[in-house]
Amino acid sequence: MSIRVYNTLTQQKETFRPLEEGKVKMYFCGPTVYNYIHIGNARPAIVFDMVRRYLQYRGYDVNFVSNFTDVDDKIIRAAAEAGEEVFALTDRFIEAYHKDVGALGVEQADLHPRVTETMDDIITFIEKLEQKGYAYASGGDVYFRTRKFDQYGKLSHQAVDELRSGARIEIGEHKEDPLDFTLWKAAKEGEISWESPWGKGRPGWHIECSAMVKKYLGDTIDIHAGGQDLIFPHHENEIAQSEALNDEPMAKYWLHNGYININNEKMSKSLGNFVLVHDLIKERDPEVIRFFMLSVHYRNPINFNAELIDSAAQGLQRIRTAVANAADRLQMSTDLGEPTDRFDGYRDRFIAAMDDDFNTANAIAVLFDLAKETNVYLQEDNSSKQVLEDILALFGEAETVLGVPLREEQGVLDEEIETLIEKREAARKDRDFQLADQIRDDLKAQGVLLEDTPQGVRWRRQP
């Protein structure tokens with residue numbers, strides 16, 4: 001089986017064939033660090049962490065780079081409003097980003113370059129574009145000559161003439177053409193800036209990613225990823241800059257995730273419905289948030305509300321309960337039976353779903369089927385050690401790919417809980433059901449749920 005990915009560039013699914021056998025060069029556009037990230041930022045972080053994990057699961061050596069934009073207009077404004085130095089502000093929110101997405105199970109990239117640490121490479125990139133006639137200086141700024149790149153619009157599938165009708169020149173800009181975009185911005189009085197051949201200034205947004213991709217991954221990479229909102233103009237402009245300079249395709253595959261809506265409305269500042277991850281994970285289990293995000297195919301829009309999160313929590317718990325039950329049964333050596341073929345095929349189904357453009361929605365559906373079949377199997381008098389080990393191995397593989405723990409950590413058993421369970425068992429033997437029910441209810445009030453199974457009493461903490 002081969003992995004097939006939907007390529008925004010060609011608007012179709014294609015068989016994934018990396019540039020170099022067994023290796024993948026992948027770039028993900030990271031955040032602009034001037035505030036805590038919202039869940040719209042969290043979705044691509046989770047989605048492309050999953051893509052990276054799955055490629056590794058399939059045996060690829062993935063070199064994953066994700067940048068931080070640590071200087072731009074919004075950052076400068078936020079630092080001024082906070083009375084803080086730009087670097088202090090960006091350091092603070094980079095640390096917050098790692099903490100927030102780390103809670104959501106996102107592993108750190110192999111490299112997280114910052115714009116301010118790549119300045120020489122950005123300036124060199126712009127100089128070379130200028131030498132090739134794709135860039136020009138004007139009024140202290142430097143612009144990209146968009147119409148000179150004759151493939152402009154190929155990612156967003158827009159004709160240049162259609163773009164021209166909506167383009168305009170802002171006051172103070174000195175462009176040859178409204179479509180031209182900024183590569184270098186002259187510094188305003190008091191702004192943070194760097195020396196350059198065009199005077200003091202700082203880079204435009206788009207050029208930084210082109211420069212970092214070239215420096216850290218090369219002229220052509222396998223996968224360039226980001227949110228759907230980045231297709232135009234950010235990724236379109238990246239392609240124009242990089243391919244104008246390198247005369248090579250920038251990326252073989254362009255992957256973009258869909259939007260998040262809040263209660264069926266687009267998330268926007270004007271509607272006041274922004275949900276910051278920093279706040280959300282104080283109220284909700286971040287593992288459930290990740291499971292929820294992956295329960296929908298990454299290219300589809302996803303609606304976010306409390307009911308759907310609750311439903312995701314219940315679904316995740318169903319899988320975890322099946323895993324815990326299988327693990328418990330495995331510890332019992334007296335009731336092992338013969339292997340059965342009833343669980344054959346689940347791994348192939350899981351892989352087939354993931355191979356189909358990382359379809360986590362279908363992959364999770366396979367896990368629900370496996371959990372259901374596992375629970376039915378555990379009701380039988382005998383079970384096979386080999387079958388139970390295979391079941392747990394598959395859940396473990398899915399856990400690694402999805403980045404969501406499926407086997408709950410029991411931690412150190414609470415002696416008081418164990419004592420109360422023993423007391424309840426004694427009460428049931430004495431047919432003192434009132435006391436037994438009271439103990440069960442007291443434990444539930446403490447967040448501990450009891451399950452009476454054919455193999456004895458199990459307990460777990462409420463998620």
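Tyrosine 143 stands opposite threonine 182 in β7. That pairing belongs to a predicted model. This briefing covers two open sheets: one of four strands and one of three. It also covers a helix for each: α4 lies across the strands β5, β6, β7 and β8, while α1 packs on the sheet that contains β11 and β13.

**The four-stranded sheet**
- The strand order is β5-β6-β7-β8, and the pairing is antiparallel.
- Strands β5 (135–138) and β8 (201–203) form the edges. Each of these two pairs on one side only.
- On average, neighbouring strands here are turned by 25 degrees against each other, direction ignored.
- Strand β6 covers residues 141–144, and strand β7 covers residues 181–186. Three bridges link β6 and β7 in the antiparallel sense.

**The helix across it**
- Helix α4 spans residues 119–131.
- Helix α4 runs at about 125 degrees to β7.

**The three-stranded sheet**
- Its strands follow the order β12-β11-β13, with mixed pairing.
- The edge strands are β12 (265–266) and β13 (302–304). Both pair on one side only.
- Helix α1, residues 39–57, packs on this sheet and touches β11 and β13. The direction of α1 makes about 145 degrees with that of β11.

**Where β11 meets β12**
- Strand β11 is made of residues 260–262. Two bridges join β11 to β12, and the two strands run antiparallel.
- Isoleucine 262 stands opposite glutamate 265 in β12.

Terms used: Residues are numbered from 1 along each chain as its sequence is written. This is a predicted model: local features need pLDDT of at least 70, side-chain atom pairs count only at pLDDT 80 or more; totals for chains, interfaces and linings use all residues. Side-chain values use heavy atoms; hydrogens and water are left out. Two strands pair if DSSP finds at least two bridges between them. Contact means heavy atoms within 4.5 Å. Axes are lines fitted to C-alpha atoms, for helices over the stretch in contact, and angles run from 0 to 180 degrees between N-to-C directions.
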